Amino acid sequence: MIEFLTTLPDGLTQLAFWVLVVMSFVGSFITAALGIGGGALLLVFMATLMPPAAIIPVHGVVQLGSNAGRAAMLFRYLHRPALGGFVLGSVIGASLGGMVVVDLPPNAVQIGLGIFIIWSVLAKPPAWLTRLPWMAGGISSFLTMFFGATGVFVANYTKSFKLDRHAHVATHATLMTVQHALKVVIFGLLGFAFGAWAGVIIALIVAGLIGTYVGKLVLNRMSDVNFKRALDALLILISLRLIYQGVTG
């Protein structure tokens, strides 16, 4: 079993593999405790350590496993009204993203997304996040096909419902599970060879589930006020990083 998990595809070293395992644990711990941020953190390390063509599809499978585990652990807190329109929009957005042939300008998307998220944190969340959930699902699912970590966008949709910390994390995890599942299916249809990365994916998912469990224990000890402050601070930091990446290109 250990040999299977550590049989690495071309382009990934043993050191890189173990760094990614650790960061999968840390990322899931952060997301379970604060509701957001772990997927983007893991993506940063994947972008540094993995072959470019494998980053987004492999990140999608790992995040699918991590979010599904988190959603299952907190299922009783799920805010079901957030699902319907968002899921429909996600199907449309992910499908359109899979059909787009030309590359989108990543710098403009990163800058725009970062500015939008900071505005949403500092101001009242835009009305269309609740009135037009299909648009929130569609836009975020379209973007995830190209840039992977759109959890910060979905977090603002979830935040607009003004849920307590447990309901926020459970609902966000469920929405991200849907989004990553669609992404994985579409990349599979496009021909990505997930089999070559199976051992790596399993190891990262297991590490992520452990991080989720530990993060859940921390979540149980946080107050709603501290949770909101930590979530807002993390959203702003990640958004500033997105803007910096877009500007420096």
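Author: A residue counts as buried when its relative accessible area is under 20%, and as exposed when that area is over 50%. Lysine 183 has a relative accessibility of 0%, and it is therefore counted as buried. The model in which this value was computed is a predicted one.

Lysine 183 belongs to helix 10, which covers residues 165-189. Leaving aside residues up to four places away in sequence, lysine 183 is in contact with Ile56, His59, Gly60, Thr144, Met145 and Gly148.

Serine 90 is part of helix 5, formed by residues 84-99. With a relative accessibility of 0%, serine 90 also falls under the 20% limit and so counts as buried. Its contacts, again without residues up to four places away in sequence, are Gly137, Gly138, Ser141, Gln179 and Leu182. From serine 90 to leucine 190, a separation of 100 residues along the chain, the distance between C-alpha atoms is 18 Å.

The fold that holds these two positions consists of 12 helices and has zero strands. Read from the N terminus, the order of elements is α-α-α-α-α-α-α-α-α-α-α-α. The radius of gyration is 17 Å, close to the 18 Å given by the globule rule for 249 residues, and the protein is therefore as compact as a globular protein of that length. Along the principal axes, the C-alpha atoms occupy a box of roughly 50 × 45 × 35 Å.

Of its 249 residues, 51% are classed as buried. Among contacts with a separation of 6 or more, 80% join residues 24 or more positions apart.

Helix 2 (residues 14-34) packs with helix 11 (residues 198-219) at an angle of about 30 degrees, and their axes are 6 Å apart. The crossing of helix 2 with helix 11 is right-handed. By class, the residues in this contact are 15 nonpolar, six polar and one charged.

To return to the position of interest, lysine 183 is a buried residue at 0% relative accessibility, located in helix 10, and its contacts include His59 and Thr144.

Technical notes: Residues numbered from 1 in each chain as written. Predicted model: local features only at pLDDT ≥ 70, side-chain atom pairs only at ≥ 80, totals over all residues. Heavy atoms only, no water. Helix = DSSP H or I, 4+ residues; strand = E, 2+ residues; numbered from the N terminus. Buried < 20%, exposed > 50% of the residue type's maximum accessible area, 1.4 Å probe, protein only. Contact = heavy atoms within 4.5 Å. Axes fitted to C-alpha atoms, helices over the stretch in contact; angles between N-to-C directions. Left-handed = near helix turned anticlockwise from the far one by under 90°. Nonpolar A, V, L, I, M, F, W, Y, C, P; charged D, E, K, R; others polar. Rg over C-alpha atoms; globule rule 2.2 N^0.38 Å.
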